[in-house]
Amino acid sequence: MCISVGGTSAIVGFEHSDLEALEKSLTSTFSRRYLPRAQRAECSSSLQARIEWSSGVGFTVESAAYSDDPGVPDYYAVRGGLPEAYVNESPVFFLLQVYARSLAKRGYVLLTDSVTISDENKAVLLLGYPHTGKSTISSIALTHGYSVLSTENTIVKPGDKYIEVHGGTRVLVFDPRIRELYGVRVESHEKTKHGYEIVDLDLLSKPKLPKRVVEVYLIYTSFTTSGASFSTIKGRKIAKTIWYFATGPLKGIDYYEPSPLDTPISGSVATTLTRLINTFTENYSENFYEIFGSPLEVFKAIIEKSSLGK
């Protein structure tokens, strides 16, 4: 079985004794919280990775071999069960590494801890370390009629002058307290074991992609803050910030047992990352901000500054 990662030209092939069960696990709500959409593709296409998956208990990566040539697939041999929430979560975060490297070999980058909000024509990219308000702002954006293109891990492609959003994760998980705090009115489809609400965005709409990124915000919000203030990020700080969010998935920032793979950054992968850094530093130095405050006020400030919807 072969899939394209998020509908891109990055193709990953799987060998498993029960391909139907594997496909079902990859398209579960839990898997799609972290992984871009798995779409069936022709196996005659050039593969970026090939995974031999043997059944077993738990999850172990038994071997890995990498190729810098985008026309020669990386190879992984793994053993263990399929992805399952609260039971066997390691395979999802292993696949996140595989997907990130496969995308980079084809000129795309998977950005960790990122969401994108859009109107009909353009998008803003929100970066944020864990628990800084990305999901809350996404929920507020949906309430106010904007599209949320990605919810956790975003697929972007650098061009000569701008960055394009090509997809990403499409499952939104948010704290139900924001309904009362910020007037969020979004119908949820499921709940997590701990009571967080889950929205499957693919059940709401199908975004028109790609979308050009016009501004970037590194957000810091909390329920206890008020107002909104921002400052411009320039030069080396842009490069350092983007490097963190771009290399996180490649290097296994989402931990899994016994430890994430130390995947190499070289060849076509390094070329893609260099192009990404250059595009951001050369073309977004006047449109890259840190922003602090209340999630609702930060959302309003972003919409006003970026002129989304106008």
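Which side chain makes a polar contact with the side chain of S188 at 2.8 Å? Here, the side chain of E197 does that. Keep in mind that this is a predicted model, and then take a look at the close-ups.

**View 1. E197 and its polar partners.** Let's start with E197, which sits in strand 15 (residues 197-200). Its relative accessibility is 6%, so E197 counts as buried. The side chain of E197 has a polar contact with the side chain of R179, at 2.7 Å, and another with the side chain of S188, at 2.8 Å. Now set aside the neighbours within four places in sequence: E197 is still in contact with L172, V173, F174, P176, R179, S188, E190 and K191. R179 and S188 are on that contact list, and each also shows up as a polar partner of E197.

**View 2. Y66 meets Y76.** Searching the whole structure turns up 17 aromatic pairs. In one of them, the ring centres of Y66 and Y76 are 6.0 Å apart and the ring planes are at 75 degrees; planes over 60 degrees apart count as edge-to-face, so this pair gets that label. Y66 is in the loop between strand 5 (59-65) and strand 6 (74-80), while Y76 is in strand 6 itself. The two are 10 residues apart, and the pair links distant parts of the chain.

**View 3. F280 meets F288.** Here's another edge-to-face pair: the rings of F280 and F288 have centres 6.2 Å apart and planes at 70 degrees. Are these two buried or exposed? F280 is buried, at 0% relative accessibility, and F288 is buried too, also at 0%.

**View 4. Lysines over rings.** Which residue lies over the face of Y108? That's K157, placed 4.8 Å from the ring centre.

Key
Residues are numbered from 1 along each chain as its sequence is written. This is a predicted model: local features need pLDDT of at least 70, side-chain atom pairs count only at pLDDT 80 or more; totals for chains, interfaces and linings use all residues. Side-chain values use heavy atoms; hydrogens and water are left out. Rings of Phe, Tyr and Trp (its six-membered ring) pair if their centres lie within 6.5 Å; planes under 30 degrees apart count as stacked, over 60 as edge-to-face and the rest as tilted. Helices (H or I, at least four residues) and strands (E, at least two) are DSSP runs, numbered from the N terminus. Buried means under 20% relative accessible area, exposed over 50%, partly exposed in between (1.4 Å probe, protein chains only). A charge sits over a ring if NZ of Lys or CZ of Arg is within 6 Å of the ring centre and within 35 degrees of the ring normal. A polar contact is a pair of N or O atoms within 3.5 Å; within protein, one must be able to donate a hydrogen and the other to accept it, and residues adjacent in sequence count only if both atoms are side-chain atoms. Contact means heavy atoms within 4.5 Å.
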